[in-house]
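Open the structure in your viewer and follow the stops below. Each one says what to select and what is there.

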Amino acid sequence: MSRRVTTRALVSHHLRSRIGGGAVVALLVLMLSFLATAAPIVLGLLSDAALRDRLGVLGALERDVVSETAGAPQLGAHDFSVPSTTEEVWGTFLDAVEGIRVEADDPLPEVLGTGRAVTTVTDMPVAEAPRTRAVSMAFAPGIEDEIVLVEGRMPEPAASYLPEPVASASIPGGSVANRVEVVVSAETAGEMEWAVGETRSVGIPAALVELVLVGTFEPVDPDAGFWEHVPSSLTPKIFDDGNLPRVVTGMAFPHPASLITSGLRGLYSTTVWFPTDIDRISAATAEDTAAALRKLTAVSHTIGSSSGGIGILSLRFQADVTGEIELALAQGASTVAVIAMIVAGPIGVAAAVLVLGCRLILERRRPSLRLLSARGASLGQLRGILGLEGVVAGIVPAVIGAAIAAIVGAAVFGATPTVLDFLPALVIGLAPIAILVVLAPAAAERRARTDLDLGGSRVRLIGEGIVVALTALTLVLLFVRGYSSGLDPLLAAAPLLLAITACLITLRLYPIPLHGIFDRARRSSRLDAFVGAARALREPSIGLTPVLALVVGVSVAVSSGILLSALQSGITQSARAQVGADMRITGGSFTLEQLDRVRGIDGVAAATGISGAEPSTLDVNGAKRATSVFVVNGAELRDVQGDEPGLLPPGASLEPTDDGPMPMVVAGATARIIGGSDELRLGSVPAEVVGVTSGPSPIGARENWAAIDAAYAEDVLGRDPSDRTVLVRLEPDAAPDAVEEQLRAAFPFDARIDTADLIADRIQAGPAVQGVRWALLIATAVTALLSALAIVMTLTLATEPRNRLLALLRTLGAPRRASTSLALWEVGPPALAAIVAGTVFGAIVPLVVLAAVDLRPFTGSTVQPSYRLDPAILALTVGGFVALAAVLTAIALLVSRRIRAARALRTVEEGT
């Protein structure tokens with residue numbers, strides 16, 4: 001008796017047998033689903049990291065929401081003859097400030113901290129030494145939380161005035177109207193030679209205010225944002241230009257309630273700020289945060305009324321962090337745009353290779369499916385069997401790949417994927433089912449001969465024409481439209497359309513030289529060349545899919561190398577322009593003596609200074625516009641900068657002329673204001689634009705400015721301002737580290753010294769640049785793997801007809817090396833053509849990227865990086881793909897040469 005075999009057992013046996021094709025598809029789906037699920041998680045992490053990287057380097061002044069207003073808060077009704085409390089003096093004002101934060105749009109109430117305020121009275125000459133000493137005072141609620149006493153005690157509140165004036169002990173004939181206790185930093189006390197218990201007097205002799213030093217302090221955290229909002233608090237302000245006596249101005253802190261003190265003759269101003277917690281700003285909330293900040297800073301906020309007395313009635317805030325958030329958003333959008341363009345090609349190749357893998361499954365299942373069809377299996381049953389195999393090779397590995405990506409993202413990075421993040425993996429998992437079900441009817445039929453339709457068809461011509469037209473239209477729209485950002489379908493489709501067009505052109509053109517080779521081989525005695533060329537023309541086993549994979553693979557490698565070269569070049573140029581020389585020194589005010597000291601340092605070839613930004617007026621045809629003026633020594637600056645990027649554009653000179661208008665170099669924004677005007681004045685001096693600097697410069701990110709020679713400073717500004725930036729050119733054999741060490745010793749303050757390499761390293765270390773770099777490298781690697789897989793699958797699909805031909809040739813006496821020759825003829829001509837086409841079209845893709853995607857956020861420049869073609873990178877990428885194709889061909893040949901001639905000849909004719 002024979003045992004009955006169930007349908008389930010047959011299906012199970014069917015799925016277990018000849019699983020090679022299914023295993024390849026399953027591994028491919030596993031990899032693609034993992035990458036597809038991980039990509040949005042990584043992009044989210046990258047956006048958050050880039051945002052925090054940009055915001056994390058901001059100081060408190062740029063990070064916090066700040067209002068600077070002339071005057072002091074309204075004091076209300078008090079008995080000014082006796083001391084008050086902090087709550088009585090500041091309570092109403094601080095409550096109104098807090099109301100502004102609470103009523104702001106979400107998410108600002110969570111992002112902004114409790115409002116802080118400080119009122120300063122600045123630059124009051126000390127009556128005992130008015131030419132060399134001055135005092136500023138800061139009335140700061142909460143100061144006790146920011147300091148630690150070194151000596152003495154905290155000050156007590158003062159009344160508005162003394163009950164009776166008293167004679168001054170230090171100023172002959174002076175009368176003391178009030179006495180206020182203060183504390184200063186230990187360094188300030190030392191510079192001002194002010195001991196605890198001593199007094200200093202400010203004000204007019206008839207109504208002096210004595211400041212009694214009752215303690216000195218050190219900061220709890222010298223890097224806290226509070227000290228940036230109250231400048232010169234820890235270190236006194238020292239003015240020493242080498243011409244006038246050295247003036248030391250120290251910041252003294254009285255009790256906050258001493259704000260009611262009268263008799264202070266300095267300039268009152270009040271700074272209010274909300275500390276910004278950048279950790280509460282994420283890529284998901286950044287756009288809402290920027291919108292809420294714009295709304296907060298667009299209007300003045302009323303905090304008092306005229307009935308409350310003299311004082312501040314409204315506050316107008318500014319938030320420099322808004323611009324940084326918008327730049328971070330622009331950088332994130334550019335990152336997404338670049339990555340979308342780069343991965344569009346690999347996604348197309350992945351789809352094509354997935355189809356190729358499903359064809360491999362069908363070819364392996366063709367005999368059994370034909371047998372089932374012959375024994376009465378319906379088309380629905382065949383589709384069910386193939387659909388079940390699609391579940392095993394598609395859904396199961398897709399779920400595993402997506403789960404691995406989600407688990408790793410949550411466990412390692414704390415990122416929780418959304419439901420939409422799993423959608424690409426679901427599509428990838430369903431793809432093999434759909435492909436196998438659609439191709440099921442063909443699997444049950446005899447395999448058609450591929451050499452009977454060599455001339456193409458009208459449908460093919462129409463299809464190719466549509467693809468070429470779409471490619472041309474896409475490129476025209478991209479170049480006409482200009483920069484785009486974010487996930488733009490048109491932008492993402494451009495590289496894939498270019499690759500498909502290149503593939504179609506390759507398939508059309510490579511047979512032309514092959515015909516010539518075939519004609520020569522027919523007249524020669526070499527069998528392998530004749531048979532190989534004939535099979536490559538009549539039965540091209542390497543069709544659209546592998547050619548597409550090779551074209552995209554090479555083009556991605558080439559375009560990635562060019563884009564990396566462009567980014568690297570853009571960053572280098574931007575860094576060099578920001579420094580403007582070999583070294584840039586900032587962080588204080590530089591005297592002529594210090595500049596001479598710099599020039600005398602070993603290794604320094606030349607040095608020059610640039611003043612700070614001085615306000616002035618630009619008169620364009622009678623219309624006045626505010627601008628900032630930087631004073632330089634034109635000859636020295638050109639000597640230090642040389643021909644490299646910097647403050648001066650190439651060929652521009654600021655050196656004074658004997659007659660004619662004053663030469664000046666302006667920023668790009670200033671040049672647009674001036675336009676083609678012939679009547680131009682800076683201040684009251686006739687001027688002429690001799691150059692425009694459009695990119696970054698050593699003076700920072702200021703957009704509207706003009707640079708003039710020091711010879712015109714007195715006429716334009718009324719004085720020659722002190723230098724705030726020093727540029728240094730080094731000797732060719734100088735050791736930068738040794739020079740930097742000597743430069744730091746040349747200044748009494750902590751100078752900041754930048755080099756182009758340092759700035760470039762800082763930009764390149766940013767998450768956005770690193771993310772794009774890794775995306776390009778990963779895309780290249782994935783595409784190389786897919787290209788390799790396409791070649792292997794193609795050679796595998798052509799194994800049976802190749803082996804039958806080889807068996808026949810061996811019976812006729814052909815040598816064993818004929819198998820190698822035939823495989824090379826199968827893959828060689830179209831692969832070589834694809835590599836050439838991929839290189840050409842890969843060099844075109846960066847042109848599209850540079851025209852359609854704003855890469856300036858990556859380089860820190862206002863100028864788009866230029867196209868860079870590095871022959872070494874091209875040789876490396878193209879050589880790598882040639883080597884990869886050769887290795888994979890050799891592997892396939894090692895497998896195919898093991899076929900026995902007798903077994904191959906016993907197979908049915910081609911067509912089974």
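pLDDT is the predictor's confidence in each residue, from 0 to 100. Colour the chain by it: the average is 80, and 84% of the residues score at least 70. This is a predicted model, in which local features need pLDDT of at least 70 and side-chain atom pairs count only at pLDDT 80 or more, while totals for chains, interfaces and linings use all residues. Residues are numbered from 1 along each chain as its sequence is written, and side-chain values use heavy atoms, with hydrogens and water left out.

**Whole chain.** Switch to cartoon view. The chain has 28 helices and 23 strands (DSSP runs, numbered from the N terminus: helices are H or I, at least four residues; strands are E, at least two). Of its 912 residues, 49% are buried (under 20% relative accessible area, with a 1.4 Å probe and protein chains only).

**Helix α4.** Select residues 86–102. This helix has 17 residues and reaches 22 Å from first C-alpha to last. Where is the kink in α4 centred? Go to T92: the kink there is about 35° (the angle between axes fitted to the seven residues ending there and the seven starting there). Now show V89, W90, G91, F93, V97, I100 and R101, which are buried.

**Helix α12.** Select residues 458–481. Here 24 residues reach 34 Å from first C-alpha to last. The buried residues of α12 are E464, T471, T474, L475 and L478.

**Last stop.** Select residues 896–912. Their pLDDT stays under 50. Where pLDDT is low, the predicted coordinates should not be read in detail.

Note on methods. Expected span 1.5 Å × (residues − 1). Buried < 20%, exposed > 50% of the residue type's maximum accessible area, 1.4 Å probe, protein only. Contact = heavy atoms within 4.5 Å.
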